[in-house]
Amino acid sequence: AILLLGPPASGKSTYCHTHLPHHTRINQDTLKTLPKCQQAAIEALKKGESIVIDATNATSKLRQEWVSLLRSCPLPSLPPSAAAAAAASTTTTTSSPSSSSFSLLLKVIEFLPLKPATLHLNSFRGINLDAAIVQAEGGREGGKEGGVDFLRRVPEVVIHTFYKYVESVREGGREEGFEEHVQVREVVLRPFRNRREAHLFG
């Protein structure tokens with residue numbers, strides 16, 4: 001399971017679509033409430049799916065709530081052949097409940113673009129996005145502007161508030177219960193599809 005952390009409009013959803021296409025994406029913009037997101041995450045884990053929590057997750061408290069919830073979820077059993085292989089590969093002499101079921105690896109990916117870059121991404125947000133991404137992000141606002149499709153932009157005060165109050169993950173993420181902590185400092189963009197789009201981005 002992967003939990004994303006980062007400001008609105010920083011490229012988290014683009015990262016999901018380009019780098020994690022086989023993960024079940026849990027997104028509050030789509031599901032609207034945190035309880036619905038939590039329920040969707042649990043249902044996906046129970047089916048043995050890999051999931052990514054696509055949200056700002058700005059505070060340590062919220063991230064630890066996710067960690068506790070995901071850790072408490074019962075995971076499905078492995079197919080007999082996979083369970084046998086897992087049991088054969090273990091170096092412990094005692095039986096482990098996880099040897100016959102899926103194991104949960106928690107990873108946090110922290111997006112750290114500078115605020116001016118995020119504000120610029122927000123102004124460009126959604127231009128010519130694929131229909132699937134448009135739908136996932138809640139649809140278009142205003143249809144077309146100058147012949148260009150665009151999504152709802154985040155109010156800038158939301159971005160300023162995130163940067164003011166965000167609590168970064170300490171190096172490694174172990175204190176919060178993660179096995180892996182990755183930092184993404186560069187701007188996450190999908191490829192430009194034409195010169196006009198590149199020109200609009202600036």
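The lining of the second largest pocket in this predicted model is made up, by class, of eight nonpolar, four polar and two charged residues. The space within this pocket comes to about 220 Å³, and among the 14 residues that line it, those closest to its centre are Ala1, Ser50, Ser103, Leu104 and Leu105.

From the pocket we can turn to a pair of helices. Helix H3, which covers residues 34-46, packs with helix H4, which covers residues 60-72, at an angle of about 35°, and their axes lie 11 Å apart. The crossing that H3 and H4 form is right-handed. On the side of H3 the contact is made by Leu34, Cys37, Gln38, Ala41, Ile42 and Leu45, while H4 contributes Leu62, Trp66, Leu69 and Leu70. Sorted by class, the residues of this contact of H3 with H4 comprise nine nonpolar and one polar, with no charged residue.

Lysine 32, in the loop between helix H2 (28-31) and H3, has a phi near 80°, a positive value in a residue other than glycine. Asparagine 57, in the loop between strand S3 (51-54) and H4, likewise is a residue other than glycine with a positive phi, here near 45°.

Definitions and conventions: Residues numbered from 1 in each chain as written. Predicted model: local features only at pLDDT ≥ 70, side-chain atom pairs only at ≥ 80, totals over all residues. Heavy atoms only, no water. Axes fitted to C-alpha atoms, helices over the stretch in contact; angles between N-to-C directions. Helix = DSSP H or I, 4+ residues; strand = E, 2+ residues; numbered from the N terminus. Left-handed = near helix turned anticlockwise from the far one by under 90°. Contact = heavy atoms within 4.5 Å. Nonpolar A, V, L, I, M, F, W, Y, C, P; charged D, E, K, R; others polar. 1 Å grid on protein atoms, 1.4 Å probe; cavity = no way out; pocket = protein on both sides within 12 Å on 5 of 7 lines; lining within 4 Å. Points joined across faces, edges and corners; volume = space filled by probe spheres on them.
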